[in-house]
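Here is a short report on a structure that may be new to you. Look at the model, then read on.

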Amino acid sequence: MALLSKTPEIDFMAGRKIAVSVSAVILVVALASILIRGMNFGIDFTGGLLLEVGYDGPANLTEIRESLAAEGFGTPLVQNFGTTSDVLVRLPPQEEQDAGVIRDSLLDVLAARDSSVELRRIEFVGQQVGEDLTEQGGLAMLIALILIFIYVMLRFRWKFAAGTISALVHDVIVVVGFFSIFGFGFDLTVLAAVLATIGYSLNDTIVVFDRIRENFRLMRRDSAESIINASINQMLGRTMITSMTTLLVLTSLYFLGGEAVSNFALALIVGVIVGTYSSIYIASASALALDVSPVDLIPQKREEIDDLP
Amino acid sequence: MNRYPLWKNLSIAAVIVAGFVLALPNLFGDDPALHITREDGSPMTEIAVSEIRLALEDGEIEFIAAELDEAATLVRFPDVANQLRASESLGEILPNHIVALTLAPRTPPLLRAVGLQPMSLGLDLRGGVHFLYQVDLDTAIQQLLESHLNTLRTDLREAGIRNRISLAGDIIDIPVLDADRLDDVNQIIRRLDPLLTITSGSLSGEPGYRVELSPIQITERQNFAIQQNTITLRNRVNELGVAEPIVQRQGLDRILVQLPGVQDPAQAERILGATATVEFRLVTDQSVAAYEAQESGRPPLNSILREQRNGSPVLMARDIIVTGDQLTDATFVYSQGVPAVNVRLNSQGAARMLETTQANLNRPMGILFIEDTPTIEVRNGEEIITSVREETVISVATIRGVFSSSFEITGLTPFEGQDLALLLRAGALATPIIKVEERTIGPSLGQDNIEKGRAAVIFGFVLVVIFMALYYRVFGLVADLALFANLVLIIALLSMLQASLTLPGIAGIVLTVGMAVDANVLIFERIREELRNGNSPQASIRAGYEKAFSTIADANVTTLIAAIVLFSFGTGPIKGFAITLALGIMTSMFTSILGTRAVINLIYGYRQTPRLAIGGRVQHGTA
């Protein structure tokens, strides 16, 4: 069995203008949504109180909302979580009151309605902690990108590093934009997934670049465009298979891992798809646009890392 | 010919076998269990254990075993439902005990004896309470400044120097009215603390000094405030009797408390929020009169009867000399080679202490430790919160000299000294802490998370295994072996490091399973390519492994960078993900390059021109 019985000869670079325009449109839509619609941040980032309870049977959300409103909780977010008998209540951060007091009275209200209620989870995050996390999260993303840029610079020189980083920034914006457009909850685990996406997409890009470098040495008479095309084609089998195995496990995680990791898995699924695409089009096309030549690929100081396995 | 030397094959085999042994304890799983300790920390006895067994049998609660585990009793249950029922009924039957939910690993005694442990599970998998407290450092600094202000004011007054000392923000201003005594003022400030930053100048028309804390003093005070709160919280957590609690500093000004198995965050918070204080009082008697009072329960006039921790009675004067909020510091020191606790008081406390010691030389003085723990009582079906006050005499010492703001308590063993300093600090004016984060995971959700995580790992693993075997035939099966070994090695490393496994950690394992085959895909694709180019099977295998190596290394280093950034930034759950991802990358390099090569060599390395079953309809060249 083989997906590709022989090396395909698809002219990827010829289509790069279309691909780049499509990407540009997606990026604009994603950025617009992030800026205008914003993110559906989880309480990790916003602060607030979240309570998950389980009832014996299906829960009546309307009644729960009414009794919470009657007890002076305003209009908190009340929704099912996973199953119809599980209920999630989320309160925005409260200025005055002690979180412990709010939690206890909230539990009292829920228990008064139906004594079969079972506490499954409480999360309380102070506003300050949330702000700190948002700041640290952005910082982490930036540091990761800078470190990666340095590493790729050392291994491939700056034009390829620029290509890599543009692919990574593209991936991050698309994944975050996806969560913004569809309003999926963006919490700490999703942030981790975005960072893992960076790692994964990078993996893909590096593999293609490695082959481009090798081919620059082997195919000295060919143009940069045809060398990049040949390299992408040669690595296409690998890129697709690895994406496939990764998507297989992520799908399994999405469906079986439970509600707590489903958004994490979803972010990675989007990330893997986008990352695969971007390592072909964005990374290679931007390297080509910067007019790469063999000189840009061979690192200044060639390290002997090709140890025999 | 592709052959590994014997030593290489043996070392690879040794690593894999070691991995299997280390991962072995995880096969046995956990029992839902109860961890029962006595409130006063004294060890439980076999008799108590048999009482527990009887009580469980009477209540028709199924349990697997009840046995002594060091000072505690551990009762194992077949399921969470029985565990919860037992927790309720034992909580009623055993009033002076702490009953905590826990998970007890079913590791066989033989493995336990050689120190093998299963992975430790994070709170999101085992259930429990997580608190993050923030220490109010601004208040800590302000407290120190106020204490300095009071001391300086008293000292200046005692020296008869007219001044208008005041505290504004972080600065103590001392305009001196007796201009000729500026040097004395300087000395008084230096004597209080030589590290204070002093600037002289004109203050609102008078000559004087401006006193500020130096950066070192600020840092010291902040660290002190955090340590003090950490120690206090740790003591209270110990009172909760939780198995494997965590209390640790996080970042600059936060303290993390994790209580596995605790179900009721409200109750835990009440105990953590208990307030403690100390009182210094004169001791009137601790022999005959004290025992008589203990018998009759009636202390003499103007005395109060209290007990030491060993139960012996102490009669103390009704008048309090100094209370905890007048205490500014207590440290354990060696004074001239003798263990001692160095106590410092603020100016009010110092004045009272001076008066008392002058009048009561060679009489005993005692320290009373008072703790208020709010508890819930159910009366007529209604919960009433009452505060339980516990008072214990923690030290009795003879007054050997006249002292005021600073003195030493001697006559202690080093252990007692450290304990006393700790209790004194716990009872001193504590820096306020604010809860900034709370996460509670119910036991059933934890169990759910474990099951779901396991299902996701197994199903994802099986899918990848099938795919690889179909796509790469024999080579695919070898990669599958490596993938399995990789999974075992990750679990082995996690068990060895005892890093807690969290749900995101499991997600990291799942992701690793998907990505770990990448190295093999790269190698196998390369081998196919080499075969297509007409190279011999043996040369193709060699070239495939050699040429793919630098690509694999590059690709993995970059993912590792992302994992390390995640780790250094992340809090609890994210750290778990970063750890498993990083470990997975490293173990996968080993299994998918060295491991598969060893097996491929064993299968094909000894034949001249083998037909490689690698799929992909490749033409087989001849050597």
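Which residues does L566(B) touch, not counting residues up to four places away in sequence? They are A140(A), A192(A), L195(A), I574(B), F577(B) and A578(B). Contact means C-beta atoms, placed from the backbone, within 7 Å.

This is a predicted model: local features need pLDDT of at least 70, side-chain atom pairs count only at pLDDT 80 or more, and totals for chains, interfaces and linings use all residues. Residues are numbered from 1 along each chain as its sequence is written, and chains are lettered from A and ligands numbered from 1 in written order.

**Cores**

L566(B) and L195(A) touch the most other members of the largest nonpolar core. A nonpolar core joins buried Ala, Val, Leu, Ile, Met, Phe, Trp, Tyr and Cys residues through C-beta atoms within 7 Å. Buried means 20 or more other C-beta atoms within 10 Å of a residue's own, with C-beta atoms placed from the backbone.

| Core | Residues | Among its members |
|---|---|---|
| Largest | 205 residues | L195(A), L566(B) |
| Another, apart from it | 31 residues | F280(B), V283(B), F332(B), V393(B) |

**Where the chains meet**

In chain B, 68 residues are in contact with 61 residues of chain A. Helix α15(B) gives the most to chain B's side, with 17 residues. Helices (H or I, at least four residues) and strands (E, at least two) are DSSP runs, numbered from the N terminus.

Strands pair here too. β5 (residues 118-125) of chain A and β20(B) run antiparallel over 5 bridges; pairing takes at least two DSSP bridges. V125(A) stands opposite E437(B) in β20(B).

Terms used. A residue is buried if 20 or more other C-beta atoms lie within 10 Å of its own, exposed if 12 or fewer, and partly exposed in between; C-beta atoms are placed from the backbone. Two residues are in contact if their C-beta atoms, placed from the backbone, lie within 7 Å.
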